[in-house]
Amino acid sequence: MGDRFTRFPLSEGVNLYVQPTTKFKTTTIYVYFHMPLEPVTVTYNALLPMVLARASADFPTTAELSRHLDELYGASFSVDVARRGEVQSIVFQMEVAGEKHVPGAQGLLPQALDVLGGIITRPLLVGDGFKPEYVDQERTNLRQMIEGLINDKRRYAMVRCTAAMCEGEAFALHRLGRVEDLEGVTPASLLAHHRRVLTEAPVDIFVLGDVDPAGLREEVARRLPLPAGPRRFPDTVVKRGPDRAVKDVVDRLDVNQGVVVIGFRTGITLRDELYFPMLVANGVLGGFSHSKLFQEVREKNSLAYFAYSSIETVKGVGYMYAGVEFADAERCKAIMLEQLRAVQEGAVSDAEMETTIATLVNDMLSAADSPGAMAELAVDQVFSGRDLSIDDRVALYRRVTREQVAEAARHFTPDTVYMLTRREGGA
């Protein structure tokens, strides 16, 4: 498959990755600024792209920016902040129609790059900082996003389990930052942080579409100018503390349903030979509806509304989680741990192996149809240093053996058991 990106170094720590393809009718651009996940900057990194997205020096109101995107045949723009391991990435995304699909259109991609470059490098300033009104509004929006995490109890339980499991480690920080930091952010201090990001953060730019790579390199370098500066990629080495007794954490809230989360350490990351066996082990354990957790906890024992597992592949941690009735929480936890032990002992049927690998392969093949999924795979490769095509990944999945699955699962060391339950005296 022609799914590899070609890398073009633009300057120290700034790389352009291009995948020419006629598969899509649009050209999509992703720009990632990678910063260390740190208490002092985590909230600034989350707030910054939200403020930058409101306007630029070229389009000084949100309405003007939106109108100009509409004029570019409905170009779309969005921002996000992501966390991979102990790296926090500020993400800008622009999608514009391919000119071959818009009769009479000319220069759409250069214009889109101009808009993107302006948003990132030429922000709207008032005095010595960002526009106060935009900072105030986005600070409120971010506060509501952080405080709103509790409204999704499954997600909230995962956040709380992570905070407990990784207490004292940067990974305990949520990608959206901390409410208590927001009041200290001013238009001037946010602008100072913006300048730090532009000069210190390593930058990866991904472009997918019907483009000429050589010409695009010149366009990106000219229209997205970044100042020179030392750009050292944040440390992604897994730091695993000494083994300890499993930590138990209980939160009591006004909830109608309990959640059990078992956080475990894997020590396996994208770089490791057990990476693909680990993904298969997770699939057998709880990645899909045919997996052990779903079948044993939900279907056979009727103990849970949902029961799954997931893996974070840069930090080297994972989770088993289930939504349960309060009275069933302990029994549910015991069965979840039983399923983990079964995988660790190699008690995996042919059907479980075959269905899991087939599902993972199908998901991988489907990724080729999504620019976003392809960009995410490319970012994984930046973090891992492993240049794998989709065909490579499919082949590696198909080579995984039952013994390798058991070996990988034996690295799944339970660390923290978190339970979300109702308050004492609750109905």
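**Cavities, pockets and helix packing**

The largest cavity is lined by Asp3, Arg4, Phe5, Met374, Leu377, Ala378, Gln381, Asp387, Leu388, Ser389, Ile390 and Arg393. This is a predicted model, in which local features need pLDDT of at least 70 and side-chain atom pairs count only at pLDDT 80 or more, while totals for chains, interfaces and linings use all residues. Residues are numbered from 1 along each chain as its sequence is written, and side-chain values use heavy atoms, with hydrogens and water left out.

**Cavities**

- On a 1 Å grid over the protein atoms alone, a cavity is a set of points where a 1.4 Å probe fits but cannot get out, and lining residues have an atom within 4 Å of a point.
- Grid points are joined across faces, edges and corners, and a volume is the space filled by probe spheres set on the points.
- Six cavities of 30 Å³ or more are counted by this rule.
- The largest cavity holds about 100 Å³ of space.
- Its lining draws two or more residues from each of helix H13 (371-384) and H14, and H13 gives the largest share, four residues.
- Helices (H or I, at least four residues) and strands (E, at least two) are DSSP runs, numbered from the N terminus.
- The lining of the largest cavity comprises six nonpolar, two polar and four charged residues.
- In these classes, Ala, Val, Leu, Ile, Met, Phe, Trp, Tyr, Cys and Pro count as nonpolar, Asp, Glu, Lys and Arg as charged, and the others, Gly among them, as polar.

**Pockets**

- A pocket is an open set of grid points with protein on both sides within 12 Å along at least five of seven lines.
- The largest pocket has a volume of about 1500 Å³.
- Its lining has 48 residues, and those nearest its centre are Arg83, Phe171, Ile311, Glu312 and Tyr319.
- Helix H5 (residues 153-165) supplies the largest share of this lining, seven residues.
- The lining of the largest pocket divides into 26 nonpolar, nine polar and 13 charged residues.
- The second largest pocket has a volume of about 290 Å³.
- Glu99, Leu109, Asp210, Val211 and Asp212 are the closest to its centre among the 17 residues that line the second largest pocket.
- At least two residues of that lining come from each of strand S5 (87-97), helix H3 (108-121) and helix H8 (213-223), and H3 gives the most, with four residues.
- The lining of the second largest pocket has eight nonpolar, four polar and five charged residues.

- Axes are lines fitted to C-alpha atoms, for helices over the stretch in contact, and angles run from 0 to 180 degrees between N-to-C directions.
- Angles under 35 degrees count as roughly parallel, over 145 as roughly antiparallel, 65 to 115 as roughly perpendicular and the rest as oblique.
- The axes of helix H12 (residues 350-367) and H14 come within 10 Å and cross at roughly 175°, so H12 and H14 are roughly antiparallel to each other.
- The contact (heavy atoms within 4.5 Å) joins Ile357, Leu360, Val361, Met364 and Leu365 of H12 to Ile390, Arg393, Val394, Tyr397 and Arg398 of H14.
- By class, the contact of H12 with H14 has eight nonpolar, no polar and two charged residues.
- Helix H9 (residues 275-287) and helix H14 (residues 390-398) have axes that come within 9 Å and cross at roughly 65°, and H9 and H14 are therefore roughly perpendicular to each other.
- Phe276, Leu279 and Val280 of H9 make this contact with Arg393, Leu396 and Tyr397 of H14.
- Five nonpolar, no polar and one charged residues form the contact of H9 with H14.

**Packing of H10 and H11**

- The axes of helix H10 (residues 292-300) and helix H11 (residues 329-344) come within 10 Å and cross at roughly 150°, so H10 and H11 are roughly antiparallel to each other.
- In this contact, Lys292, Leu293, Glu296 and Val297 of H10 meet Cys332, Ile335, Met336, Gln339, Ala342 and Val343 of H11.
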